[in-house]
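The report below describes selected packing contacts, an aromatic cluster and some local backbone features of one protein model. Please read it alongside the sequence and the structure.

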Amino acid sequence: MKSTALSETHISLGAKMVPFAGYNMPVSYEGINIEHETVRKAVGVFDVSHMGEFLLEGPKALELIQKVTSNDASKLLIGKAQYSCFPNETGGIVDDLIVYKIKEETYLLVVNASNIEKDWNHISKYNEVIGATLRDLSDEYSLLAIQGPKAVDAMQSLSSIDLSSIKFYNFVVGDFAGIEHVIISATGYTGSGGFEIYCKNTEVKQVWDKVLEAGAGFGIKPIGLAARDTLRLEMGYCLYGNDIDDTTSPLEAGLGWVTKFTKDFVNSKALAKEKEEGPKRKLIAFQMEEKGIPRSGYVILNEEGNEIGKVTSGTMSPSLSKGIGLGYVTTENSKVDSKIHIQIRKNQVPATIVKLPFYKS
């Protein structure tokens with residue numbers, strides 16, 4: 001079991017620790033609903049240092065990224081980030097990721113903790129021919145997510161950079177919490193605004209302490225992974241291993257917007273054919289109409305009671321006080337406003353297919 005540089009800090013704060021993606025991680029401190037509401041209404045800080053970071057450099061760096069990712073990284077300017085995925089050779093997804101353009105010929109790829117080794121092997125296989133300079137920085141770097149509508153005001157005292165000027169999916173490398181050369185990225189997994197801060201493991205304790213100190217007057221709290229999950233689900237953001245995996249295509253998952261057929265990438269011809277013909281199933285969002293919490297693996301039925309798919313993610317939404325979920329159903333049964341049922345134990349509980357996001361600020 002690996003630990004982040006802040007594991008002892010979380011334990012001292014009374015966090016409930018659980019194994020997650022091979023790391024000992026804080027799942028909650030005060031409770032999911034309190035932590036969820038803190039992020040939606042004020043500001044919270046997550047330790048997500050278990051995420052993986054790969055550095056790609058040199059004249060071949062972009063060529064490698066273009067080959068292994070579905071989005072078009074040639075459109076990236078320095079200081080911009082891009083959401084993307086690694087398609088596999090059989091129509092599924094190796095992982096989803098964020099690509100940062102740090103400098104000309106220097107890119108940072110941020111990948112999911114559970115997939116670090118798998119992603120590294122996948123990229124390395126294609127790099128044997130291309131020959132970019134590739135380094136795994138995952139064990140050297142920490143990542144804090146400072147999220148919520150008060151994040152900019154709460155954190156401004158920690159940096160000489162005008163934080164309000166950093167647009168969504170843009171970043172700067174600058175000073176933060178007394179540390180130079182920190183990546184301050186206007187990204188996140190909550191839908192409530194804020195930043196992600198990349199720094200070295202040796203620096204993260206200082207950053208964490210100063211973040212909590214600067215945010216004290218704004219109601220900042222440390223937030224665990226359980227609230228991270230309810231926050232991302234209210235936005236309809238996919239979670240790797242639940243809503244996307246090696247068997248789900250980007251087109252089925254509603255990730256056509258990051259699948260650009262203006263270039264040749266892994267399995268692009270087969271995916272282009274799938275786009276032309278239309279995927280046979282689609283990822284839908286649904287809201288429960290009666291009491292009941294949908295869970296991963298529950299069967300989805302149409303109005304006639306026939307099985308049409310399965311739930312991939314589900315929870316009781318703290319913001320809406322209703323059961324919400326994502327799941328794959330056959331394309332003909334995927335229309336918004338369609339009435340469906342979720343099989344919860346012996347009951348077929350009514351639900352409605354809805355447009356994302358569930359939560360609108």
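## Aromatic cluster

Y100 is buried, its relative accessible area being 0%. The model is a predicted one, and in it Y100 pairs with Y198 in an edge-to-face arrangement, with 5.5 Å from centre to centre and 75° between the planes.

Together with F171, Y100 and Y198 form one aromatic cluster. The count of aromatic pairs in the model comes to 7.

## Helix 3 against helix 4

The axes of helix 3 (residues 61–68) and helix 4 (residues 116–130) come within 10 Å and cross at roughly 135°. Because angles over 145 degrees would be needed for a roughly antiparallel arrangement and 65 to 115 for a roughly perpendicular one, helix 3 is oblique to helix 4. The crossing of these two helices is right-handed. Helix 3 contributes E63, L64, K67 and V68 to the contact, and helix 4 contributes I123, Y126, N127 and I130; by class, the contact has 5 nonpolar, 1 polar and 2 charged residues.

The buried residues of helix 3 are A61, L64, I65, Q66 and V68. These buried residues pack against strand 5 (52–57), strand 6 (81–87), strand 7, strand 8 (106–111) and helix 4. An α-helix has 3.6 residues a turn, so residues three or four places apart point the same way.

When residues up to four places away in sequence are not counted, L64 touches L56, I123, Y126, N127, I130 and A132. The C-alpha atoms of L64 and G131 are separated by 8.1 Å, although the two residues are 67 residues apart along the chain.

K67, which also lies in helix 3, is partly exposed, with a relative accessible area of 25%. Leaving aside neighbours within four places in sequence, K67 is in contact with Y126, I130, D264, F265 and V266. From C-alpha to C-alpha, K67 and F265 are 4.4 Å apart in space, while 198 residues apart in sequence.

## Helix 2 against helix 7

Helix 2 (residues 32–41) packs with helix 7 (residues 225–235) at an angle of about 55°, and their axes are 8 Å apart. That angle makes helix 2 oblique to helix 7, and helix 2 passes helix 7 in a right-handed crossing.

On the side of helix 2 the contact is made by I32, E35, H36, V39 and R40, and on the side of helix 7 by A226, A227, T230, L231, E234 and M235. The residues of this contact divide into 6 nonpolar, 2 polar and 3 charged.

## Strand 20 and the segment after it

Q348 is found in strand 20 (residues 347–354) and is partly exposed, with a relative accessible area of 42%. Apart from residues up to four places away in sequence, Q348 touches L301, G305, H341, I342 and Q343. The C-alpha atoms of Q348 and E37 are separated by 30 Å, and the two residues lie 311 residues apart along the chain.

In the segment after strand 20 lies P357, and a cis peptide bond joins L356 and P357, with omega about 0°.

## Positive phi values

Most residues other than glycine have a negative phi, and most peptide bonds are trans. Against that background, two residues may be examined in the model.

Y169, placed in the loop between helix 5 (151–155) and strand 11 (171–176), has a positive phi near 65° and counts as buried, at 18% relative accessibility. D337, found in the loop between strand 18 (322–330) and strand 19 (339–344), has a positive phi near 80°, and at 57% relative accessibility D337 counts as exposed.

Key:
Residues are numbered from 1 along each chain as its sequence is written. This is a predicted model: local features need pLDDT of at least 70, side-chain atom pairs count only at pLDDT 80 or more; totals for chains, interfaces and linings use all residues. Side-chain values use heavy atoms; hydrogens and water are left out. Axes are lines fitted to C-alpha atoms, for helices over the stretch in contact, and angles run from 0 to 180 degrees between N-to-C directions. Helices (H or I, at least four residues) and strands (E, at least two) are DSSP runs, numbered from the N terminus. Angles under 35 degrees count as roughly parallel, over 145 as roughly antiparallel, 65 to 115 as roughly perpendicular and the rest as oblique. A crossing is left-handed if the near helix is turned anticlockwise from the far one by less than a right angle, and right-handed if clockwise. Contact means heavy atoms within 4.5 Å. Ala, Val, Leu, Ile, Met, Phe, Trp, Tyr, Cys and Pro count as nonpolar, Asp, Glu, Lys and Arg as charged, and the others, Gly among them, as polar. Rings of Phe, Tyr and Trp (its six-membered ring) pair if their centres lie within 6.5 Å; planes under 30 degrees apart count as stacked, over 60 as edge-to-face and the rest as tilted. Buried means under 20% relative accessible area, exposed over 50%, partly exposed in between (1.4 Å probe, protein chains only).
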